Amino acid sequence: MDKFRTVLDFCLSHQKVLGYGAVSLLTAGSERIFSVVVFKCPCNSWNLLYGSVFLLVPALILFLLGLLLNTRGWKVLTGCCSRGGLFRRSRTGRICRYLRVLWLVVLGAAVAPLTWIAVALLGGHFYECAASGSTIMQSFLCPGKSIQCPKEMLQVPCAGGSLQEMQDLLMSLRAQSQVMGWILISSVTILALISTCISRCRSPVSILHLAFWKIYMAKEQELFEVKAKEHATMLAERNLKCFFDSTELEPFQTPSTQSWQAISSLFAFNPEEHYYSMIHKHVSSKNKHGSIKSAEGDMFPSCLGFVDATVGTDTQVL
């Protein structure tokens, strides 16, 4: 039991890194399956289009899925175009903050597609097929070779043509692909390291406070789901009892629309206040209208993005 608790605590404290790692491994495995089982380069004029589709289209699909499953982005977009929504009632400064949050959502959704492209480039099959059909690559690799080189390049992925010359072209294309793959991996790693350092350096709380905050959010999410199911069950039972038994409708206290909107908005950290979530802030500081007032000094630090990614997740609805 103690070992299980240790593993659980480790997973909770590193859930973001573990999540990105799991997504990357699944993406890399899917790419290898595609390249071995599905991908068959036609070795004709379709090479460029066929290879490019296998290299880029799955990355685009993964990117769109990442956006679709990101709850933080939906917190910004849900209801923003309705009457009285975000872009009708917010100030320019707040809209800029929301756009910055959407930018962070885009960066998070780019993990899987970048992994796909990087693994595909290291494997080389997709790039070899696409580049062999490119007139630009033909003009770059064929000078000094036989007259038939441009036509023979189309057969490079299929190992056709004069063997030695084709092997030389194939090795050149594979080297280009792998070099670009390692450049992409190193660039993303460096950018991730720099952004993480900047995010942690600008953190408004200490590392132990941050660890406690993550534990609190995990517990709040767990209890939120339990209480929401209990509340929905009681409301459904009351309504069905009234319908089938033809009894008077009993009073039932449930959160208002304004309260749901308040706890569904993005969390803003304020050094003068000590709230750990929007639910905590709502029950502690709501005014007589049931809404939360924005305070001077509200911030949206990226290191506290996990607050918006836990309580009230939309993944089951999606």
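A crossing of two helices is called left-handed if the near helix is turned anticlockwise from the far one by less than a right angle.

What you see here is a predicted model. Confidence comes before anything else. The average pLDDT for the protein is 79, and 79% of the residues score at least 70. Helix H12, residues 207-245, has the highest confidence, at a mean of 92, and helix H1, residues 2-13, has the lowest, at 50. Over residues 314-318 the pLDDT stays under 50, and the model has seven contacts beyond four places in sequence for that stretch.

Now the helix pair. Helix H3 covers residues 47-68 and helix H8 covers residues 125-132; their axes come within 6 Å and cross at roughly 150 degrees. Angles over 145 degrees count as roughly antiparallel, so H3 is roughly antiparallel to H8. The crossing of H3 and H8 is left-handed, in the sense I began with.

Which residues of H3 and H8 make the contact? From H3 they are Asn47, Leu48, Tyr50, Gly51, Ser52, Phe54 and Leu55, and from H8 they are Phe126, Cys129, Ala130 and Ser132. Seven of these contact residues are nonpolar, four are polar and none is charged.

Side chains of opposite charge can pair when their charged atoms come close. One salt bridge turns up in a search of the whole structure. Glu128 forms it with Arg174, and the closest N and O atoms are 2.6 Å apart. Glu128 sits in H8 and Arg174 in helix H11, residues 163-201, so the pair links parts of the chain 46 residues apart.

Note on methods: Residues numbered from 1 in each chain as written. Predicted model: local features only at pLDDT ≥ 70, side-chain atom pairs only at ≥ 80, totals over all residues. Heavy atoms only, no water. Axes fitted to C-alpha atoms, helices over the stretch in contact; angles between N-to-C directions. Helix = DSSP H or I, 4+ residues; strand = E, 2+ residues; numbered from the N terminus. Parallel < 35°, antiparallel > 145°, perpendicular 65-115°, else oblique. Contact = heavy atoms within 4.5 Å. Nonpolar A, V, L, I, M, F, W, Y, C, P; charged D, E, K, R; others polar. pLDDT = per-residue confidence, 0-100. Salt bridge = Lys/Arg side-chain N within 4 Å of Asp/Glu carboxyl O.
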